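Open the model in your viewer and keep the selection tool at hand. The stops below are meant to be taken in order.

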Amino acid sequence: MRVEDGCHKNGAGSPILANVYLHELDEFMEQKKQEFDRGKLRGRTQEWNRTTSTMGHLREKIKALKGDTTPEAITRRGWYEQKVQELAALQKRLPASNPLDPDYRRLFYVRYADDYLIGISGSKQEAIAVFEEVKTFLNTKLQLTISEEKSGIHHAKEGTAFLGYVVQTYTSEHMHKVRSKGYTRVGAAMRRVLREKMQLRIPETRMSEFCQRKGYGDYHRLQPSRNPSWLRMDDEEILLGYNAEMRGVANYYALANGAKRGLQQLMYMAESSFLKTLANKHKTSATAVASKLRQGRDLAVTTKTKEGKTRRYVLFKLRNWKPPQKEEDVDKAPQSHKLRASQSSLEQRLEARICESREKTGGYFEVHHVRKLKDVKGKQEWEQIMIARKRKTLILCIECHDLLHAGKLSNRQKKF
C-alpha cells in the first residue's frame, strides 16, 4: 500500500520525512503483530497424515515379503508396490500443512519511505480487518490517506507490486525424501523442496516499460531498434551508455529470485539495440558490427588514448554479472548520462566533418565552445551531450551553430 498526503510526495528529502512521520505507523504495526501472531507451527492435514501413514504400513509389508519367491508372495508384493506408487502420486498433490490452521497466525510488515506491505498468514476476513484498522489509524492518528489505486488485498499466489518487484509465494514441483526424528517405518515421506515460499520476482511489465523508455525496441515482439539520440556519440561512449543502463537495472533487480532469467530478454534487446545503433552510425549492418567487435565471447570497442595506450571497453553481459554484495548498492538507479570522456581530439573530430548535433556530413563546420562545463545547465539536449561527454566543445554544422545561438537547436533535433 502507498500512503499519500500533501507534504512529502517529491523531493530528495521525501524519504527522510516519511521515515520520521511514519515511525508511529511502525510502532502501531509492531503492537498489532504481537496481538495477531500465535502458534509455533501449522498443523498437518488429516488427509496427508493418513496417506503418509498408509504408505509406511505398505512399505513394511513389502519389506516383510522380501526374499519370499512364492507366486502368492510375488503377487501380493506387486500389489503393495502399485498402491505405494498411487499413494505417492496422491501425496505430491496434497499440502502437508494446513494453510488455514486456526491455531497458527502470522503478520508481516515492511516499509520503504511511504510504501509499505503487510502480509497475513490467515483468512481473507482477517486480512480485511487488518486493512481497515491500518487505514483508520492513518486517517485519524496521522491525518493521512492511502492511495486507493495502489492499495488492496491480494492473494499471495497472485502476488502484488512493491518497489518495482512482484512479491508472491512460490511452490516448487520438485520433491525430496525426508525422515522425521524417531521415524521407524520403512521408507521416508516425500516433501516439496519449496512450498508457499515468499519470493521477489521481476515483473515483465517493468521490463517492457524500461525497454520502451530507453528506446531498445518492441519488447514483446523481440524487435530491437536503434537509439537515434546516441548516434552523435563515439563508439565507446555509446557502449558505456548501454552498459550503465543494463548494469543499473540488473543491480536494482539483484534481489529477485531467478534474476538472470528474468532479465535475459531485456538484455538481449539492449545488446541488439546497441549493435543496430552502431550499424546505423557507420552505415553498415548489425551483423557486420557484431563480427567486427567480437572478441572471444565478448563484444568490445577498442580505442587509442592520446598517449598511444590501448583501451578496451566490453559490453555488459549477464554471464559476467555478479549481484552487488553491499545492501546500499542494490537500489541504485541506472545512470545513462555518466559516460567517460571521449578520447577523440578536437582536430580528429573536425576532420571527421560530422555534425555532432544531427549527424550531417559535408559543408562548413564550426566549434561551439564554453568557458566552463559548470556553466552548462543541462536544460537543452546539446548541453546534456556536453555534460555527458565531459567536453567544453561541440562540432556543429554552421546551420546548427546558428540555431544553437538562437535557442532553437533542441526544437530542430526533435525532427531527427
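This is a predicted model: local features need pLDDT of at least 70, side-chain atom pairs count only at pLDDT 80 or more; totals for chains, interfaces and linings use all residues.

Select residues 165-170, which form strand S6. Five of the six residues in S6 are buried, so expect to look past other parts of the chain.

Next, bring in strand S9, residues 197-201. S9 also pairs with S6 in the antiparallel sense, here over five bridges. Pick Gln168 to find one of the pairings: its bridge partner in S9 is Gln199.

**Helix H6**

Move on to residues 204-213, helix H6. Which residues of H6 are buried? Colour Met207, Ser208, Phe210 and Cys211: these are the buried ones. They sit on the same side of H6 because the arc they cover around the axis is only 165°.

What do the buried residues of H6 pack against? Show strand S10 (217-218), helix H7 (235-252) and helix H8 (259-281), which are their packing partners.

Turn the view to the face of H6 that points away from the buried side. The exposed residues there are Thr205, Gln212 and Arg213.

For the last stop, select Gly215, which follows H6. The phi of Gly215 is positive, near 75°.

Note on methods. Residues are numbered from 1 along each chain as its sequence is written. Side-chain values use heavy atoms; hydrogens and water are left out. Buried means under 20% relative accessible area, exposed over 50%, partly exposed in between (1.4 Å probe, protein chains only). Helices (H or I, at least four residues) and strands (E, at least two) are DSSP runs, numbered from the N terminus. The arc is that of the directions from the helix axis to the C-beta atoms. Contact means heavy atoms within 4.5 Å. Two strands pair if DSSP finds at least two bridges between them.
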